[in-house]
Amino acid sequence: MTTETAGKYLFPEGFLWGAATAAYQIEGSSMADGAGASIWDRFSHTPGNMKDGDTGDVACDHYKRWREDIQLMKRLNLQAYRFSVSWSRVMPEGRGAINPKGIDFYDRLVDGLLEQGIEPLCTLYHWDLPAALDDRGGWLNPDIADWFADYGQVLFEKFKGRVKTWGTINEPWVIVDGGYLHGALAPGHRSAFEAMIAGHNVLRAHGAAVKRFRQVGEGKIGIVLNIEPKYPASDKPEDEAARRRAEAQMNRWFLDPLMGRGYPEELKDVYGEAYREFPQEDFDLIAQPTDWMGLNWYTRAVPENAPDAWPTRSRPVKQVQHAHTETGWEVNPPALTDTLVWLHEQTGGKLPLMVTENGSAWYDPPHAIDGRIHDPMRVEYLKNHLKALHDAIGKGVDVRGYMAWSLLDNLEWSLGYSKRFGITHVNFQTQERTIKDSGLLYAEVIKTHGGVL
Ligand SMILES: CO[C@H](O)c1c[n+]2c([nH]1)[C@H](O)[C@@H](O)[C@H](O)[C@H]2CO
């Protein structure tokens, strides 16, 4: 904060400040106490899939250290905590029998959060499909919509009155683009034909869960999308066309059907013969009204026309004039403002939004030095993106909260533990947690409602 900005970035009363994680990335003990395997247990134990051969077998050991981590959240002044449930911990086969020890873990976690005045925001699905369902086709099997709604019902009923904000699915695009199109993520398939089918079933499952929530649940439900705004590399028509294809394949593929608009026209051009039509009744199910929408936001892209680039025939041009994080993502806070304004418009300005993930990976030392972890780049990223978020609110965007990604350094999927996103450092040899300078700043931001920015 400087004297001239003192108080300029105060956030609205009731704005919800939190941090986010996901089950497979932090819990460890993924097969303990009756849990079933997920596709990430299989994928991470398949040689060649994971950097340094890392797995989620231990991760942040959160399954055992959850009490300690709730105390950490208190020290960070968190008002909310966004976490996901491991479907196969709760239902080892994905359907039918419930694992009592599995659901008890989440029962204790939710009660522990509430006891500390921290609001639980629960994501039903953050990529870790039960392996037993993958054996039955997983997201390629249309029955998964009912399997997912049944799973959701178990949680809606168990946590009725305690969990009031639900997210159905984290990032349909990453599930499908990573898991079925490019194969970089579990279950590691590479087929545009499968991607279209899986994507459609992910959306149908979301709709079925929302419908079931309206029957048995209580509170608010929504979905979480990753949106990466696309800016054309030049004013050449072919670059604008490439931008539109990239935007359709990442940002509109799932948003448009959720908004009742069906798939974007450009998807036919992107997927060609792999594109397929689906019955209207599916789209009616998918476009079930929801109560809120989550935005996961990290960066933007500047695509140019690239006829050889599959499947969008576009390729991002590196913006060397800007800083880039350890994951190679350009740092561009104003693009967050643009995205929030765009999403506000795309959702008709009627759907409350929440930034459900935002953060950055930088090199941090493997252990604390003098009890501190200095992470100046993450401090700057956090400050500037909160200012950009504040700017969007100033432009009339209805944003209700911000969940920093992530509470803890954790398993960055196939990149293993090589990329650290946490506002809290984890020494993976000792499991010692150390709040980073970025976490100390965030605690002050929360305490001052942004006044410290
Ligand atoms: C492609 O960027 C996405 O918005 C995105 C970034 N991230 C995500 N989605 C996932 O939701 C998290 O599990 C990742 O750990 C996190 C950091 O990579």
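The model is predicted: local features need pLDDT of at least 70, side-chain atom pairs count only at pLDDT 80 or more, and totals for chains, interfaces and linings use all residues. Residues are numbered from 1 along each chain as its sequence is written, and side-chain values use heavy atoms, with hydrogens and water left out.

**Pockets**
- The largest pocket holds about 1,300 Å³ of space; a pocket is an open set of points on a 1 Å grid over the protein atoms alone, with protein on both sides within 12 Å along at least five of seven lines, and a volume is the space filled by probe spheres set on the points, which are joined across faces, edges and corners.
- Its lining comprises 49 residues, with Trp173, Glu228, Met250, Thr299 and Trp329 nearest the centre; lining residues have an atom within 4 Å of a point.
- Helix H8 (172-181), helix H10 (237-252) and strand S8 (314-316) each give two or more residues to this lining; helices (H or I, at least four residues) and strands (E, at least two) are DSSP runs, numbered from the N terminus.
- H8 gives the most, with 4 residues.
- The second largest pocket has a volume of about 210 Å³, and the residues lining this pocket include Glu119, Lys220, Asp291 and Arg400.

**Cavities**
- There are 7 cavities of 30 Å³ or more, a cavity being a set of points where a 1.4 Å probe fits but cannot get out.
- The largest cavity holds about 80 Å³.

**Helix pair**
- The axes of H7 (residues 144-158) and H9 (residues 192-216) come within 8 Å and cross at roughly 35 degrees; axes are lines fitted to C-alpha atoms over the stretch in contact (heavy atoms within 4.5 Å), and angles run from 0 to 180 degrees between N-to-C directions.
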